[in-house]
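Thanks for coming, everyone. Let me put the structure up, and then I'll walk you through its inside.

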Amino acid sequence: LPSWSSIDWKTRRRARKHTMLPKVTAIVGVGPGNGLSFARKFAAEGYSLALCSRNGEQMAQYAADFPKAKGYSCDVTSDESVSQAVQSIKSDLGPISSVVYNAGSG
């Protein structure tokens, strides 16, 4: 998808050498199983979490369980939805440093 692939990883690596950027992980396709397991792992490592799925209300509930997390509604079948989510994440949490793509057909 254009929005996820538009993250400039080379610039991000160079910038990390010179400044302390927040560690932000976007987890796409968060549900009660794998998605939340990924969230717990990254939260334990000190990452801020962007929890993404089609159900934004559920993501907000999940995010309340983590100190540095926010939920986002994101339908990965829609470029516009993904673009909006990426922009919101950058605005709210900072640049995305890693993405866990766990979205399926559920």
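Buried residues make up 38% of the 106 residues in this protein. Buried means under 20% relative accessible area, exposed over 50%, and partly exposed in between, with a 1.4 Å probe and protein chains only. A caution: this is a predicted model, where local features need pLDDT of at least 70, side-chain atom pairs count only at pLDDT 80 or more, and totals for chains, interfaces and linings use all residues. Residues are numbered from 1 along each chain as its sequence is written, and side-chain values use heavy atoms, with hydrogens and water left out.

Now the layout. There are five helices and four strands. They are DSSP runs, numbered from the N terminus: helices are H or I with at least four residues, strands are E with at least two. The order from the N terminus is α-α-β-α-β-α-β-α-β.

Look at Ala 50. Leaving out residues up to four places away in sequence, Ala 50 touches Thr 25, Ala 26, Ile 27, Lys 70, Tyr 72, Ile 89 and Leu 93. A contact here is heavy atoms within 4.5 Å.

Why does Phe 42 count as buried? Because its relative accessibility is 19%.

The whole structure holds one aromatic pair. Phe 42 and Tyr 47 form it, edge-to-face, at 5.1 Å centre to centre and 85 degrees between the planes. For the cut-offs, rings of Phe, Tyr and Trp (its six-membered ring) pair if their centres lie within 6.5 Å; planes under 30 degrees apart are stacked, over 60 edge-to-face, the rest tilted.

Last stop, helix H4, residues 56-63. Met 59, Tyr 62 and Ala 63 are buried there. Down the axis of H4, the buried residues fall within an arc of 100 degrees, so they line one face; the arc uses directions from the helix axis to the C-beta atoms. On the other side of H4, Glu 57 and Gln 61 are exposed. Cover for the buried residues of H4 includes helix H3 (34-44), strand E2 (48-53) and strand E3 (69-73).
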